[in-house]
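Here is a friendly note to read alongside the model. Please keep the structure open and look up each residue as it comes.

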Amino acid sequence: MTSSPDLLDLDITGIAHGGTFIARHEGRVVFVSDAIPGERVRARLDAESTGDSKSFWRAETVEVLDASPHRRPHIWAEADVANAPESRPGGADLGHIELAHQRVLKRQVLTEALDRFAGGGLEAPEIEAVDSTDGTGWRSRITLHVDDDGAVGPYAARSHRVIRVGAHPLARPAVAEAALALAGGRPGSVDLVEPGDGRVRVLRRERIEGRPERGRGRRPQPEVVYETVGDRRFQVDAGGFWQVHPRAASVLDAAVYGVLDGHVDEAATHYDLYGGVGLFSATLGDLGGTDVVTVESSRRATAHAAENLAALDVTAVTARVDRYLAGLPSSATAGAVVLDPPRAGAGRAVVESLHALAPDAIAYVACDPVALARDLGTFRDLGWQVGTMRGFDLFPHSHHFEVVALLTR
């Protein structure tokens, strides 16, 4: 195989975790972008991914030879398959598929992850629609980049090359307007954030060679903004973590409340692990918990959690979750636990430490289906059962979705 951009005609047989699609060529798996299962496409091989030593190849659709009935004009015209692959912006990798079928495919990804990593026998839930719109205009936070020539825009899909675009259809209208108004600046990145007050903040991070992108010199104190869930207000740094869909925090709060209802004993100690600014600690309090511990590695987030939860009996701890759990006395026990790990999942050490605490129930909030399935497999090996599982399409037109699962002993 030469390094020239070879073209292959491929039959797409499935969807892979991460928003690409599966084909085979002479027995080798090829991961193809911008396709749909059931289609036949012409795809350009990624030269860097090919070679006889590679276990799989990557390719990008350049022409649809036999289209799926679920194919639609891409919601981001600049990401459409009619454009050259190198000029398509990333971030909307399912934007060429009708919304209902996106959710079918996401459920398929979860099903395959559970079958492969969780020990089998678990049925993936349907992925629930969160709103009735066309799936655009929901991102309250986006990150753009500034290159050495002053161009501002998203990265091209699967690259670190900045491309200029004329629209941001997934962004909230005010965020999209602010993004299109950006011009130039030093190389780095730009976060645009629309918190609960509706005013867009523009946060620039200049690139320093050899270091992550961050502000030069003395960093100013981050601005504190506010988000609302029900009748409770949460303070958070403008650049700190908060869900990007405006309804996501409320939807996940209600889902966690639903699965843990009846599992929160007022006399027990309950834990909110990877607790951020305290969203699910508040949920535990609403369920009747009077002794709640939230554990989060970010000192700023922990400080906000303490303020946000001042009216509740919550202990906010700044620590890595694995180290915190490992340091608990052997006599420690737990009532209910909310486990909301980052994309990589909780991991075996955290799962085994939680098992040692013998909680009554665990609500696992997952943003990655494979990491969730691996952790569920570890829990099941330790004797835990997976009860209720719900999936939510909180990131339409991308491959991402959230799952809330209940584990009981």
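1. Let us begin with Arg107, which is partly exposed because its relative accessible area is 27%, between the 20% and 50% cut-offs. Please keep in mind that this is a predicted model. Arg107 forms a salt bridge with Glu123, and the closest N and O atoms of the two are 3.4 Å apart. Arg107 belongs to helix α1 and Glu123 to the loop between α1 and β7, so the pair ties together parts that are 16 residues apart in sequence. Glu123 counts as exposed, at 65% relative accessibility.

2. Now look at the helix itself. Helix α1 covers residues 99–117, 19 residues in total, and reaches 27 Å from its first C-alpha to its last. That is close to the 27 Å expected at 1.5 Å a residue. After α1 comes Gly119, which has a positive phi, near 100°.

3. Which residues of α1 are buried? They are Leu99, His101, Gln102, Arg103, Leu105, Lys106, Val109, Leu110, Ala113 and Leu114.

4. Glu194 is buried, with a relative accessible area of 11%, whereas Arg172 counts as partly exposed at 29% relative accessibility.

5. Another salt bridge to find is the one between Arg320 and Asp322, whose closest N and O atoms are 2.6 Å apart. Both partners count as partly exposed: Arg320 at 41% relative accessibility and Asp322 at 28%. Elsewhere, salt bridges that share partners join Asp197, Arg199, Arg201 and Glu223 into one network.

6. Is Ala334 buried or exposed? Ala334 is buried, because its relative accessible area of 10% falls under the 20% cut-off. You will find Ala334 in the loop between α6 (321–326) and β17 (336–339). If we leave aside neighbours within four places in sequence, Ala334 is in contact with Thr269, Tyr271, Leu357, Ala358, Pro359 and Asp360. The C-alpha atoms of Ala334 and Asp360 are separated by 7.1 Å, although the two residues are 26 residues apart along the chain.

7. Next, the aromatic rings. The structure holds five aromatic pairs. Phe234 and Trp242 form a tilted one, 5.7 Å centre to centre with 40° between the planes. Both residues are buried, Phe234 with a relative accessible area of 1% and Trp242 at 8% relative accessibility. In the pair of Phe379 and Trp384, the ring centres are 5.8 Å apart and the planes are at 70°, so this pair is edge-to-face. Phe379 is buried, with a relative accessible area of 0%, and Trp384 counts as buried at 3% relative accessibility.

8. Finally, look for charges over rings. The charged end of Arg233 sits over the ring of Tyr226, at 3.7 Å from the ring's centre. Likewise, Arg374 has its charged end over the ring of Phe117, 4.5 Å from the centre of that ring.

Key
Residues are numbered from 1 along each chain as its sequence is written. This is a predicted model: local features need pLDDT of at least 70, side-chain atom pairs count only at pLDDT 80 or more; totals for chains, interfaces and linings use all residues. Side-chain values use heavy atoms; hydrogens and water are left out. Helices (H or I, at least four residues) and strands (E, at least two) are DSSP runs, numbered from the N terminus. The expected span of a helix is 1.5 Å times one less than its number of residues. Buried means under 20% relative accessible area, exposed over 50%, partly exposed in between (1.4 Å probe, protein chains only). A salt bridge is a side-chain nitrogen of Lys or Arg within 4 Å of a carboxyl oxygen of Asp or Glu. Contact means heavy atoms within 4.5 Å. Rings of Phe, Tyr and Trp (its six-membered ring) pair if their centres lie within 6.5 Å; planes under 30 degrees apart count as stacked, over 60 as edge-to-face and the rest as tilted. A charge sits over a ring if NZ of Lys or CZ of Arg is within 6 Å of the ring centre and within 35 degrees of the ring normal.
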